[in-house]
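Welcome, and thank you for stopping by. Take a moment to look at the sequence and the 3D view, and then let us walk through them together.

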Amino acid sequence: MTRTRLESLTAEALERLANQYAVDLPVDADRESIISAVYEAIEEVREERDSGNNNAIRIEEKKYGIQYDEQDEEPQEGESLPQGYNETRIVLVLRDPAWAFTYWDLKETILNKYENDPEFQGMLIRVFELSEASDERDAIMDSFDIPVQLSDSSWYINLPEQDTHYRLELVSSSGDGDEVLARSNIVSVPKGFFADDNNASFQEDAILALSGIEHLGVSAFGNRVPQRILAQLDQQLMA
Amino acid sequence: MAKGYLVLMLHAHLPFVRHPEYPSFLEENWLFEAISETYLPLLRVFDRLEADSIPFSICMSLSPTLLAMLQDDLLRQRYVTYLERHIELAEREVDRVQHDPSFEPLAQMYRDLYRQDLIDFEEKYGRDVLKGFDYYYKKGRIELVGAAATHPYLPLYQQFPVMVNAQLQVGTESQHAYFGKFPSGFWLPECGYFPGLESHLKNNGIRYFFAAAHSILFADRRPPAGVYEPVMTPNGTVVFGRDIASANMVWSSEDGYPGDFSYRDFYRDIGYDLPVDYIGPYVHDGNIRINTGFKYYAITGKSDQKQPYVPRVAAGKAVEHAENFIYNQLKQISKLTPLMKQPPVITCPYDAELFGHWWFEGPAWLEAVIRKLAETNGELELTTPTAFLKTYPPTTTIQPIYSSWGNNGYSEVWLDGSNDWIYRHTHTAIERMMELAQRFPDDHGLKERALNQAAREVLLSQASDWPFIMHAGTTVGYANRRVREHVMNFDRIYEALGRGNIGTEWLTQLEKRDNIFPNVNYRVFRADSNPVPKLPAQLARH
């Protein structure tokens, strides 16, 4: 959003942007100072976002770089997507070795039942770690619960372990105990690091050190780079 | 024999943006800018190399959405209008800055460029830029690899194998429809890979694909030669790992070549610099400032005080950077050679639009790299994956990991608080599309038209560009609208088929607007659909 563009906006549109970017304005702020404050807030968000982007993403952004600062139009009546699809389900999507995203829906009848049930105690997401990508109960290694609100419909889950598998259950809790409403798909989580290979030859370690690993730009999990590879990397950098 | 090999892979892609319902549409400029600044300049590079008998072999993918737009008559006509407007502005600019020794040559340069674009587009290619790429494809100079139909970020759809296959099948078929051959290689959108994807690739006749470096380096076992030789996945499909060391030289806006102070500044544009009274006819709606493509300043430095751009100086710098790039690759090869059993291959994939659109001197750099490589006496040789694999078939098998080339190596660009809402809807649309394909296995007439349109809408809703733009925070309103519209169009067809009541007029309008993949067959969404391309793959190879 350019300053010129902000100057062309109505007072209502500016106020909406100020709210969207959590700009704290004094009650008697004039138009000029509102524009300045909103512009600064937008720039700050943009700079923060840019700093988190790697080279591939920064360049890809330029393809859509018309620099036209349109407002995020609210959909007109009849143009909105539904909140849900009136079915009870839970879906698990892997984001990276440390985080997964889940979304769920509840049938309206079930939702209404819980909303009016004095025995209803709450909803929870039960997270199962599995030894293999299997629905068999034997595969369950560990589990933990995440309490959620009846009004929630999505959640980011911090995965405690890598190089493993996870599945979720959507569970309602009431005086009668827990009821499993839906089971998710299984996701397989990568290790997120170099394979341990103590038998690697000097040549293999040297090639790894030459592979630009100091600039991989990848979140690392688990072990650190073995000292013997770091030593080779130092040698390469000094060469 | 070469001491080492270089695979240059250019991935050209834009999302399907076509709005016949408006007299003009701003986001269609994404395509027009890319034709003017990247695709035509690249073809001119190839022409000059051929004219000088310089051999070259590069790898390219032209995404199916881009293929569709480049073949579309409406967009071709609008591109001509775009060029005519730019030539008009250039002529006014030549007038405006006449006698200014810094800016007059630049205005003339833009005028000449846009005039040349119009001549090439209209006369040389008869409005079909793809003819240029086809020419070099048929000559074996370009190895064209396939791409998914609408460029979805596949790891977030891995629980829908039918959909993944549909994207691959429709994508490879669209390449066959224009170029007459199925691809043997594949570009995964955003380098997005998940274990098991190779089975879909193999089912669609694909022999090799590209992946992020850590997809290979973090595999279940360490590949002995890292990313410097291709490896096999468990089903025999081959993967080439992206080389990080060379990538950063070209990609980094700070430490990389494109950030050199002599090069043209991407951000400073007369669309913002000149009074609205003057520039109004060439910006959006007469008064909303946008980039026009006329940029008169060099990067100069980090401050806002910019010096005029000097093309001659920038051209010299592009050659210097090409020499530096080759020097560094040769140096890397000399270090790798004693450690490896075969000559190393350095795989360098780039967004094609980096060259020319963002990095104005990118095509000149690429041309200089190819020319200089021809002078290295074969020490470092440009090759294609197919040619390399013929001489050096891989011997190592690994299981690559879930990965992408996005921030931090996984899926956070396409799955964060700005865009996670879309997956509830796109996933449901896939399931419902599969349900339709089962319920209506062999329908014809109006129903078949509706089902095929439903398949188009589902595919279009999955483009990775929309969550990317939501994450980037640029034209978010448009990206939101596109996902919303495609899902709603699909839902309307889904419900109409359930009621047995399809509105012909509405359907016809939709078919005219979202007219991509004219030969799509909705049965590709059947759980038991045959994923193998219709032509035997071995007959379709080079």
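In which loop of chain B does A527(B) lie? The loop in question runs between α19 (504–513) and α20 (537–540) of chain B. Before going further, please keep in mind that this is a predicted model.

Let us stay with A527(B) for a moment. Is A527(B) buried or exposed? A527(B) is exposed, because 10 other C-beta atoms lie within 10 Å, and a residue counts as exposed at 12 or fewer. Leaving aside residues up to four places away in sequence, A527(B) touches V162(B), M434(B) and Q438(B). K341(B), on the other hand, is 186 residues apart from A527(B) along the chain, and 44 Å separate the two C-alpha atoms.

Two other loop residues of chain B are worth a visit. H99(B) sits in the loop between α3 (73–96) and α4 (104–124) of chain B. The phi of H99(B) is positive, near 75 degrees, although the residue is not a glycine. H99(B) counts as exposed, because it has 6 C-beta neighbours inside 10 Å. E190(B) belongs to the loop between β4 (185–187) and α7 (197–203) of chain B. E190(B) also is not a glycine and has a positive phi, of about 60 degrees.

Now step back and view chain B as a whole. Chain B is divided into domain 1 (4–257 + 324–408) and domain 2 (416–525). Taken over C-alpha atoms, the centres of domain 1 and domain 2 of chain B are separated by 28 Å. Where the two meet, 25 residues of domain 1 of chain B are in contact with 19 residues of domain 2 of chain B. On the domain 1 side, the elements that give two or more residues are α2 (64–70) and α6 (161–179) of chain B. The largest share of that side comes from α6(B), with eight residues. By class, the side of domain 1 of chain B that touches domain 2 of chain B has 16 nonpolar, six polar and three charged residues.

Chain B also meets chain A. How many residues does each chain bring to this contact? Chain B brings 73 residues and chain A brings 61 residues. On the side of chain B, several helices each supply at least two residues, among them α1 (29–51), α12 (311–336) and α15 (421–439) of chain B. The helix α18(B) gives the most to this side, with seven residues. The residues of the side of chain B that touches chain A divide into 37 nonpolar, 24 polar and twelve charged.

Let us cross over to chain A. Chain A holds seven helices and eight strands, and of its 239 residues, 25% count as buried. Among the contacts in chain A with a separation of 6 or more, 59% join residues 24 or more positions apart. The mean pLDDT of chain A is 85, and 88% of its residues reach 70 or more. Confidence in chain A is lowest in helix α7 (residues 227–238) of chain A, at a mean of 72, and highest in β1(A), at 98.

That strand, β1(A), is part of an open sheet of three strands with the order β1-β2-β5 (chain A) and antiparallel pairing. Why is one side of β1 (89–96) and of β5 (154–158) of chain A left without a neighbour in the sheet? Both strands stand at the edges, so each has a single partner strand. From one strand to the next, the twist averages 25 degrees. Seven bridges join β1(A) to strand β2 (residues 99–105) of chain A, and L92(A) has T102(A) in β2(A) as a bridge partner.

Another strand to follow is β3 (residues 120–130) of chain A. With strand β6 (residues 164–174) of chain A, β3(A) pairs in the antiparallel sense over ten bridges. With strand β4 (residues 140–148) of chain A, β3(A) pairs in the antiparallel sense over eight bridges. F128(A) stands opposite R167(A) in β6(A), and the bridge partner of F128(A) in β4(A) is S143(A).

Our last stop is helix α6 (residues 202–210) of chain A, whose buried residues are D205(A), A206(A), I207(A), L208(A), A209(A) and L210(A). After α6(A) comes G212(A), with a positive phi near 75 degrees.

Terms used: Residues numbered from 1 in each chain as written. Chains lettered and ligands numbered in written order. Predicted model: local features only at pLDDT ≥ 70, side-chain atom pairs only at ≥ 80, totals over all residues. Buried ≥ 20, exposed ≤ 12 C-beta atoms within 10 Å, placed from the backbone. Helix = DSSP H or I, 4+ residues; strand = E, 2+ residues; numbered from the N terminus. Pairing = 2+ DSSP bridges. Axes fitted to C-alpha atoms, helices over the stretch in contact; angles between N-to-C directions. Contact = placed C-beta atoms within 7 Å. Nonpolar A, V, L, I, M, F, W, Y, C, P; charged D, E, K, R; others polar. Domains from an automatic or database assignment. pLDDT = per-residue confidence, 0-100.
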